[in-house]
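Open the model in your viewer and switch to a cartoon view. Keep the sequence panel at hand for selecting residues.

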Amino acid sequence: MVDELWIGIFSTDEGIFAIDAMCPHAGANLAKGIVCEGAVSCPVHHWRFRLSDGVYLDANDPRFNAKIYAVRVENEVVWVELDKQPNSIRLI
Ligand code: FES
């Protein structure tokens, strides 16, 4: 949790991704979901969200896309860009 935002950080073979951990469906914690083929599956109702862009993969309905955050790694430290903050780069 950073400044009242729940953020899930996932390290995969494709890279490191940060996604809003509050599921757009009913608020379950996506950080506890299972990752498979570049998507996280919600632990409650199993909706799948692509980690690279947050797209809800089980239906074509952008209302349910998850928010993602830009990530960069420097010297093994993961930084997440929070777009609503005046100092937008925070250490996780
Ligand atoms: S709460 Fe995540 S799919 Fe329902």
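How many residues lie between E7 and E8 in their hairpin? Two residues separate the strands there. Keep in mind that this is a predicted model.

**Stop one: the hairpin**

Select residues 71-74 for strand E7, then residues 77-81 for strand E8. The two pair in the antiparallel sense, over four bridges. Now click Asn75, in the turn. Asn75 has a positive phi of about 50 degrees.

Next, look across the pair. Pick Val71, and opposite it you will find Val80 in E8. Move on to Arg72, whose bridge partner in E8 is Trp79. In general, strands of a sheet pair through backbone hydrogen bonds, either parallel or antiparallel. Turn on the backbone atoms to follow the pairing.

**Stop two: the open sheet**

Now select E3, E4 and E5. These three strands form an open sheet in the order E3-E4-E5, with antiparallel pairing. Strand E3 (34-36) and strand E5 (48-50) are at the edges. Each has a single partner strand, so one side of each has no neighbour in the sheet.

Zoom in on E3 and strand E4 (residues 39-41). Three bridges join these antiparallel strands. Which residue in E4 is the bridge partner of Val35? Select Val40 to see that partner.

Notes
Residues are numbered from 1 along each chain as its sequence is written. This is a predicted model: local features need pLDDT of at least 70, side-chain atom pairs count only at pLDDT 80 or more; totals for chains, interfaces and linings use all residues. Two strands pair if DSSP finds at least two bridges between them.
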